[in-house]
Amino acid sequence: MTSPVESYVQQDYKYGFVTDIEADTVPRGLNEDTIRLISAKKQEPAFLLEWRLAAYRRWLAMTEPHWPNVQYPPIDYQDIIYYSAPKQVKPLGSLDEVDPELLATYEKLGISLSEQKRLSGVAVDAIFDSVSVATTFREKLAESGVIFCSFSDAVKDHPELVKKYLGSVVPAGDNFFAALNAAVFTDGSFVYIPKGVTCPMELSTYFRINAADTGQFERTLIVAEAGATVSYLEGCTAPKRDTNQLHAAVVELVALEGATIKYSTVQNWYAGDSEGKGGIYNFVTKRGKCAGARSRITWTQVETGSSITWKYPSVILQGDDSIGEFYSVAVVNNRQQADTGTKMIHVGRNTKSTIISKGISAGRGQNSYRGLVKMLPKAVGARNYTQCDSMLIGNACGAHTFPYIDVQHPSASVEHEASTSKIGEDQIFYCKQRGLDTEDAISMIVNGFCKDVFQNLPMEFAVEAQKLLGISLEGSVG
Amino acid sequence: MTATAPRATEPGWLAALRREGAARFEALRFPTTRDEDWRFTDLAPVAKANLGAARAAGPLTEADLTPYLFGHAEWPRLVFANGRFQAELSRLTGLPAAARVEPLADLLADAPELVEETLGQLAVQPASAALVAQNAAGFTDGYAIVLPAGAVVDTPIHVLFVSDANAVLGTTLPRNVVVLGANAVASVVESYLSLADGVALTNTVTEASLGEGARFDHCKVQREGAEAFHLATFDARQERDSYLNSFSFAEGAAISRTNIYTTLAGPGAHATLYGLYLGEGRQQVDHQTRIEHAAPDCTSWEVYKGILDGHSHGVFNGKVYVHPEAQKTDGKQTNKNLLLSETAKVDTKPQLEIFADDVKCTHGATVGSLDAVPLFYLRSRGIPEDEARTLLTYAFAADVLEEIRSRPVVDHLEDLMRAWLAKAGRRGRAAAGRESA
């Protein structure tokens, strides 16, 4: 007997279309000339080029790490196109000048820029392949002193800020992929919230990989000055292609005294087909630094896409009384693999961190939670609470938990709990008996399982996340 | 640098095992911290000490052992000094006729086929490969327990591994084998003791095969000297409905690492793993456990507790691995640590690796210091702070000791625990005195 849960239908990845836009790309491969070319195309100041080249030289001496619980064929770094931009002749003055094809793409993705501009009050920076295409609401934000622009613009308009904070949280030589990113990053978002300002709206970036064989290496830098508050959302999609594409981004957050940064991600890169062909390798370094006292950084992520996800959004709790939070839902289906989690490094006194991680494995997916909670000798009174729960759907998938707990002060307290379970037939039976069909029952149970995390997402994202979760699990539940 | 050469009369399979072990250890050497399984425990001091084989022990008397004995006088007892069997101090009476409880060397000389399927066959985890290889290459003796189906040895068998001054700057490699037939029952207490201070290495390996419905209680008491290195690997294989109850108590040695592994190979097998580790000074106390659920309907339950004082470093690394066919697994793993000083340190890594969907697995880990509220409560009832601390620390650890089935063993470990706490209290007061002065 097939269990009732088995009859969910497989739905295609609906963001899998390709937009036919002329692109300006650099030749395949990576060497110092590629980096000089990228830097020249972007008219960067000398310090940035030097920084890139130094990172590249560090990268050459590094070897690709293989410790995560994921398997993939070797990546040929010389077979990647490191720069691809929609062709454009002159700088854009307003949204109306953006290529209509491009706008149509965003329309399809459900983030109509023009719509957004009028209605939703969410400022969007959209990144298409490697460059930032449009940033909405820029002027309105400027009124309150908030800088929200593409990384390239920030380099041009605010080089002193970029110079001060770039690499301050994730140094160029931090790890293999961070070094690669530092060498070749093409664009990204830049946010600066001045002292005491609460950003008047949610900021958002939409990433899209369009061109074939390109890698996307964007870099996001968010700086919240003392007492500032910002909520930032990030979404990602890519077309369906049967080759793997590399996405190696770096995100750096800096929260000064009393500042709050909330960073939410809905990651739905193309995950490959049901046999695991194609899809994005999402190898990302995300790290925040609670540099000032009483600052707070919250990472919320919903990971449904990518053929391989490998990232650990982390917080360095340096300021006394600072708070780090990590809420995550990671879903793997078919042959997806995820090795994700967080690192909470407690440096300051009375620092607190909370980790809630929900892993859902279906099909032949492999889901690993890997986390580090470290209490350094000065972290007097530091506290951590970790809960990581896994749900298994079907018997060909796997769920793994690898928490590392390292405590060096007796007044620090760490609690870690983890559980693994499955959707019970009895739960489904109960829902059906109350008149829900199987699909809705499963969706409800899964959403209930993830509730703690969804609650921490901004409203629009929470809705999107719930829908995504439903789509990701279709056809797999059994 | 392995211990005494094996004797010439050994069967071919054993000679092969030794040859492979020697080659393997030559290739692997002692693990380094680059190895994920050894990340937190650095064996460099052990490798650097480059210890040869331990020399035979000097004359030992019953009086030398008295402080370490407990339980009832009629308990069977095997004594090994520097790895060599001490017949005059051992007592093997009151055992069922069909039971074989004797030094492994005797058994190998007489009926090696009884342990052929167990010796060298169970301890195969990669994390312990180097240790097991070194042991295989050079072991001389240890205990062997072979019980036929239905045999019951209901008193604990106390095995003492003693090292004296002649073991200093030497390596002792005890090797133990337990083969329990269907529904057989046995209980062992393994004590590791140093009668003299000094750098010495003990690398012990115990393999236990539990037949259908068998029950094995294994209690390991590690009280080696302050400069000693202690490495231990216990690996069991459990058939249908068998039950393993393991306890590891560790308070000695400069560097100790205890591996406790079991494979639940038959449906309905059950394992309970308990441990208590106490660290002070600059001690390094490391435990690694691995419970492999390889069959459906098995249950495992694990609780390890640690109390760390001084500059000691406690490590716990526990893994529950659930194979795809191990449906209806129920596994629970807990590790709790108490830090008594500002300089003590804990690394804990409880892990679940699950490949079956119909399972119930949880793990939890905590690290912290004594809760201020109960401390206040006790003081408000007139109990001085020192005593209140000792009482709460004792309470923290005592429940796990209760899991040992034999009461005399529990009592003995409770005494050791109290003595350790009294020492810790004196250290604490001395430190407080220095601060206020």
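Mentor: A nonpolar core is a set of buried (20 or more other C-beta atoms, placed from the backbone, within 10 Å of a residue's own) Ala, Val, Leu, Ile, Met, Phe, Trp, Tyr and Cys residues joined through C-beta atoms within 7 Å. This is a predicted model, in which local features need pLDDT of at least 70 and side-chain atom pairs pLDDT 80 or more, while totals for chains, interfaces and linings use all residues. Residues are numbered from 1 along each chain as written, and chains are lettered from A in written order.

The largest such core holds 242 residues, and A224(A), V230(A), A255(A) and I145(B) have the most contacts inside it.

Beyond its neighbours within four places in sequence, V230(A) is in contact (C-beta atoms within 7 Å) with V191(A), I193(A), C199(A), L203(A), I222(A), A224(A) and I261(A).

As for α8(A), its residues F176(A), A179(A), L180(A), A182(A) and A183(A) meet W51(A), R52(A), A55(A), Y56(A), R58(A) and W59(A) of α2(A), a contact made of nine nonpolar, no polar and two charged residues.

In chain B, the C-alpha centres of the two domains (bounds from an automatic or database assignment) lie 31 Å apart, and twelve residues of domain 1 are in contact with ten of domain 2. On the domain 1 side, β13(B) gives the most, with three residues.

Notes: Helix = DSSP H or I, 4+ residues; strand = E, 2+ residues; numbered from the N terminus. Nonpolar A, V, L, I, M, F, W, Y, C, P; charged D, E, K, R; others polar. Buried ≥ 20, exposed ≤ 12 C-beta atoms within 10 Å, placed from the backbone.
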